[in-house]
Amino acid sequence: MKKKMDQVESKARKWLEERGVSLQDIADLVYYLQKKYHPNLTIEECVENVDRVIAKREVQNAILTGIQLDILAEQNKLDEPLQSILHSDEGLYGVDEILAFSIVNIYGSIGFTNYGFIDKQKPGILKNLNDKSTGKCHTFLDDIVGAIAAAASSRLAHRAANVE
Ligand code: MG
């Protein structure tokens, strides 16, 4: 039986959707990362692993914190110099990546390899989130989504290793 979602979890899931990221979008990234290692991999397994990662409190906390800062930056509500740094997604800022590491960390060092790879390639939803012409601010969200995909890939890989 599935346990009832509390306020933190339901808000984190709702905010992901509202910011244009579905479970399916993240599952597509997992599929992209893991397909070559698991030839029988299905998209349903990817969705399941993404769902289990998002069920973790550390992940929900990172989602809520990151998206909140993105929204405030989008609304010009932060004080300078942080407002300009976040709004322009300044490359040397780096706190967005540090926050994402709190997600990648959960499943050990294999997650970091996946995260680095996907952050460089920017497939699927990551490309949309990095499109600066939309007027949206996704300084934190792009790293969070990449991190959830990397963590879900690690979870999948660990479980596959246990089965084989
Ligand atoms: Mg970023």
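Is Thr-139 buried or exposed? At 3% relative accessibility, Thr-139 counts as buried. Buried means under 20% relative accessible area, exposed means over 50%, and partly exposed lies in between (1.4 Å probe, protein chains only).

## About the model

This is a predicted model, where local features need pLDDT of at least 70, side-chain atom pairs count only at pLDDT 80 or more, and totals for chains, interfaces and linings use all residues. Residues are numbered from 1 along each chain as its sequence is written, and side-chain values use heavy atoms, leaving out hydrogens and water.

Asp-143 is buried, with a relative accessible area of 3%.

## Helix H7

Helices are DSSP runs of H or I with at least four residues, and strands are runs of E with at least two, numbered from the N terminus. Helix H7 covers 110-121. Its 12 residues should span 16 Å at 1.5 Å a residue, and the end C-alpha atoms of H7 are 17 Å apart, which agrees. The expected span is 1.5 Å times one less than the number of residues.

Which residues of H7 are buried? They are Gly-111, Asn-114, Tyr-115 and Ile-118. Seen down the axis of H7, its buried residues fall within an arc of 100 degrees, so they line one face of the helix. The arc is that of the directions from the helix axis to the C-beta atoms. On the other side of H7, Thr-113 and Lys-120 are exposed. The buried residues of H7 pack against helix H2 (23-34), helix H6 (95-104), H8 and helix H9 (141-163).

Most residues other than glycine have a negative phi, and most peptide bonds are trans. Lys-122 has a positive phi of about 45 degrees although it is not a glycine. Lys-122 sits in the loop between H7 and helix H8 (125-129). Lys-122 is partly exposed, at 27% relative accessible area.

Another loop runs between helix H4 (57-74) and helix H5 (82-87), and Pro-81 lies there. A cis peptide bond joins Glu-80 and Pro-81, with omega about 5 degrees. Asn-76 is also in the loop between H4 and H5. Asn-76 has a positive phi of about 60 degrees, although it is not a glycine. Asn-76 is exposed, with a relative accessible area of 56%.

## The nonpolar core

A nonpolar core is a set of buried Ala, Val, Leu, Ile, Met, Phe, Trp, Tyr and Cys residues joined through side-chain atoms within 4.5 Å. The largest one here has 45 residues. Ile-26, Ile-63, Val-145 and Ile-148 have the most contacts inside it. The largest share of this core, 10 residues, comes from H9.

Contact means heavy atoms within 4.5 Å. Leaving aside neighbours within four places in sequence, Ile-63 is in contact with Ala-12, Leu-16, Ile-54, Ile-144 and Ile-148.

## Cysteines

How many disulfides does the structure hold? It holds zero. A disulfide is a pair of cysteine sulfur atoms within 2.5 Å. Cys-46 is buried, with a relative accessible area of 0%. Cys-137 is buried too, at 3%.
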